[in-house]
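Here's a friendly walk through one model. Have a look at the sequence and the structure below, then read on.

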Amino acid sequence: MKLEEYLEKWVKGEAEEIVEYLAAAIIAEEKGLIEVAQALKMIAFEEAMHGAKALVLAGRIGDLKEFIKKRIEYEEEAARVRHDEASHHDEPWKTVFEYTARDEERHARILRGLLNRL
């Protein structure tokens with residue numbers, strides 16, 4: 001397998017692991033298992049760093065300003081899509097779409113602030 005192909009599989013695999021570990025952490029928190037939740041979150045972060053280091057080494061981020069500009073666009077689009085999806089679904093999905101849309105909007109605002117600092 002070529003390095004580029006392996007990199008794609010690697011990063012996708014890490015991303016899947018991150019989401020699964022965090023989902024398990026949510027369940028652990030709901031059960032009052034705070035230490036278990038914290039450990040799962042730590043593992044998720046470490047998995048994220050594995051993929052992140054690979055992307056940096058592969059030169060995937062490039063110019064930081066351009067990366068942040070692109071991410072602002074993606075976060076804003078994700079917010080629009082989630083708000084739209086919320087209008088087509090009942091609870092509990094409606095609430096999930098709405099609060100994640102607000103998070104995406106907040107992420108875009110944070111990124112704008114960071115961009116202004118660069």
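W10 counts as partly exposed, with 33% relative accessibility; that label covers the range between buried (under 20% relative accessible area) and exposed (over 50%), worked out with a 1.4 Å probe on protein chains only. Y6 counts as partly exposed too, at 44%. Keep in mind that this is a predicted model, where local features need pLDDT of at least 70, side-chain atom pairs count only at pLDDT 80 or more, and totals for chains, interfaces and linings use all residues. Residues are numbered from 1 along each chain as its sequence is written, and side-chain values use heavy atoms, leaving out hydrogens and water.

How many aromatic pairs does the structure hold? There are two. Rings of Phe, Tyr and Trp (for Trp, its six-membered ring) pair if their centres lie within 6.5 Å; planes under 30 degrees apart are stacked, over 60 edge-to-face, and the rest tilted. Here they are:

| Pair | Centre to centre | Between the planes | Type |
|---|---|---|---|
| Y6 and W10 | 6.0 Å | 40 degrees | tilted |
| W93 and F97 | 6.2 Å | 40 degrees | tilted |

Y6 and W10 are about one helical turn apart, because they sit four residues apart in helix α1 (residues 3-30). Helices here are DSSP runs (H or I, at least four residues), as strands are (E, at least two), numbered from the N terminus. W93 and F97 are likewise four residues apart, in helix α4, so about one helical turn separates them. Is W93 buried or exposed? W93 counts as exposed, at 53% relative accessibility, while F97 is buried, with a relative accessible area of 17%.

Leaving aside residues up to four places away in sequence, I68 touches L111, L115 and L118, where contact means heavy atoms within 4.5 Å. With that same exclusion of residues up to four places away, L115 touches K65, I68, K69 and I72. Looking along the chain instead, I68 and R82 are 14 residues apart, and their C-alpha atoms are separated by 21 Å.
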